[in-house]
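Let's take a friendly walk through this model, one piece at a time. Keep the structure open beside you as you read.

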Amino acid sequence: METNSKKLSLKRGLSILLIVLVIFGGWVYFELREKGATYIDNPGNQNITVQIDDKSYQVPAGQFVKAEVSLGTHKLSCRETGIENETFTVDPCKQGVINPTRSKYVIYNIIYTEKDLQAQFKPYEVEGKEVYSLLGEPEVTDALFIPDRTMGNGGNIDVKEPSVKSYSRLNQDYAFLTKIFRLKEFFEFYDKHNQ
């Protein structure tokens, strides 16, 4: 009788653990895959029409529009920029920037801290300008798809970088946000915040 009771308790415990794991797994999947958005960006001065697979998007000059894409490989065409059935892959997340103009973007780690870490920053060259960074070299890219490495948590082109970021002080000197910038907007941001 006692062994049946122990078996029943063990089964109940395992069932509860399984339910918790399924709920946690669903939450993690949602957090990593469903936040944020993918935008087709047009930093140029003429309107463009972008065809992704079977769907067409009108993107006004100097603006971006939200695109519905799934993970995987897609075909992109844009008459105004001379791209015809070019392949791009949306991976590892759906959030990011589709770049039909092949413009340059900078992926940069913005540091938030109350401490003086200036001595730890290293110089890098970005498009002929010296730029300092704590967490590695800023990445310049003109890829057709630029993934939002924050998985939708605030680093895409639609989000204005916060001027103050709350962070945990527990065993931590700083917090950071990886952000995608248009090249011109990156230098404007950098010049304003690094004087």
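Strands, as the word is used here, are DSSP runs of E with at least two residues, numbered from the N terminus. Please bear in mind throughout that the model is predicted.

With that in hand, look for Thr178, which is found in strand β13. Is Thr178 buried or exposed? Its relative accessible area is 12%, and because buried means under 20%, Thr178 counts as buried. The side chain of Thr178 makes a polar contact with the side chain of Asn109, at 2.7 Å. Setting aside residues up to four places away in sequence, Thr178 touches Ile107, Tyr108, Asn109, Arg149, Thr150 and Gly155.

Next comes helix α2, which spans residues 183–193. Its buried residues are Leu183, Phe186, Phe187, Phe189 and Tyr190. These residues cover an arc of only 160° around the axis, so they lie on the same side of α2. On the other side of the helix, Lys184 and Lys192 are exposed.

Finally, turn to the open sheet, where 4 strands follow the order β3-β2-β5-β6 with antiparallel pairing. Its edges are β3 (55–59) and β6 (83–90); each has a single partner strand, so one side of each is left without a neighbour in the sheet. From one strand to the next, the twist averages 30°. Strand β2 (residues 48–52) is joined to β3 by 5 bridges, and the two run antiparallel. Within this part of the sheet, Val50 stands opposite Tyr57 in β3.

Note on methods:
Residues are numbered from 1 along each chain as its sequence is written. This is a predicted model: local features need pLDDT of at least 70, side-chain atom pairs count only at pLDDT 80 or more; totals for chains, interfaces and linings use all residues. Side-chain values use heavy atoms; hydrogens and water are left out. Two strands pair if DSSP finds at least two bridges between them. Axes are lines fitted to C-alpha atoms, for helices over the stretch in contact, and angles run from 0 to 180 degrees between N-to-C directions. Buried means under 20% relative accessible area, exposed over 50%, partly exposed in between (1.4 Å probe, protein chains only). The arc is that of the directions from the helix axis to the C-beta atoms. A polar contact is a pair of N or O atoms within 3.5 Å; within protein, one must be able to donate a hydrogen and the other to accept it, and residues adjacent in sequence count only if both atoms are side-chain atoms. Contact means heavy atoms within 4.5 Å.
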